[in-house]
Amino acid sequence: VQLQASGGGLVQAGDSLRLSCAASGGTFTSYRMGWFRQAAGKEREWVAAINWSGSSTSYADSVKGRFTISRDNAKNTMYLQMNILKPEDTAVYYCAANSGIAFIERLYRSASLYDYWGQGTLVTVSS
């Protein structure tokens, strides 16, 4: 499956932004999906994950209550609604697909277990 992330940009602290991840070439509902981010000079970190149907979601503590992950299986697209953005949210955001139905933390938090990755979209939050 091919993933295309979009929606990044330059915003001010406190603003909102919505990222999209469009999937093609595969059966979208076969995948758990996740968002990761990588700030300059730091390791890639898990942000959020969603199960195949959208009924289960999970978030990193750093974004819980501010970010919302969702998916529209009819459109083969996943989203990340980011509210109350902070300068520390500045990073390249990546979407990823992880084959499987089970929504288990050890499976969706580990970047190494994801099969497909989008190209990344840059989010810059100014103070």
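Which backbone oxygen does the side chain of R32 reach? That of A102, at 2.4 Å. Keep in mind as you read on that this is a predicted model.

**Around R32**

R32 is found in strand β4. Its side chain has another polar partner too: the side chain of N98, with which R32 makes a polar contact at 2.6 Å. What R32 lacks is a salt bridge, even though R32 is buried. The nearest side chain of opposite charge belongs to D115, and that one is 6.5 Å away. Here are those distances from the R32 side chain side by side:

| Partner of R32 | What it is | Distance |
|---|---|---|
| N98 | side chain in a polar contact | 2.6 Å |
| D115 | nearest side chain of opposite charge, no salt bridge | 6.5 Å |

Setting aside residues up to four places away in sequence, R32 touches quite a list: I50, R71, A96, A97, N98, S99, G100, I101, A102, F103, L107 and Y114.

**The disulfide**

If you like handedness, the link between C21 and C95 is right-handed, with 70° about the S-S bond.

**The nonpolar core**

The largest nonpolar core has 36 residues. Within it, the members touching the most other members are M33, W35, M78, L80, M82 and Y93. Which elements give two or more residues to this core? They are β1 (2–6), β3 (17–24), β4 (31–38), β5 (45–50), β7 (67–72), β8 (77–82), β9 (91–99) and β11 (121–126).

**V125 in β11**

Our last stop is V125, which lies in strand β11. Is V125 buried or exposed? V125 counts as buried because its relative accessibility is 5%, and the cut-off for buried is under 20%. Leaving out neighbours within four places in sequence, V125 is in contact with V11, Q12 and A13, and also with L85, K86, P87, D89 and T90. A22 is another matter: its C-alpha atom and that of V125 are separated by 23 Å, and the two residues are 103 apart along the chain.

Terms used:
Residues numbered from 1 in each chain as written. Predicted model: local features only at pLDDT ≥ 70, side-chain atom pairs only at ≥ 80, totals over all residues. Heavy atoms only, no water. Core = buried A, V, L, I, M, F, W, Y, C linked by side-chain atoms within 4.5 Å. Buried < 20%, exposed > 50% of the residue type's maximum accessible area, 1.4 Å probe, protein only. Helix = DSSP H or I, 4+ residues; strand = E, 2+ residues; numbered from the N terminus. Disulfide = S-S within 2.5 Å. Lys, Arg positive; Asp, Glu negative; His and termini not counted. Salt bridge = Lys/Arg side-chain N within 4 Å of Asp/Glu carboxyl O. Polar contact = N/O pair within 3.5 Å; in protein donor to acceptor, adjacent residues only side chain to side chain. Contact = heavy atoms within 4.5 Å.
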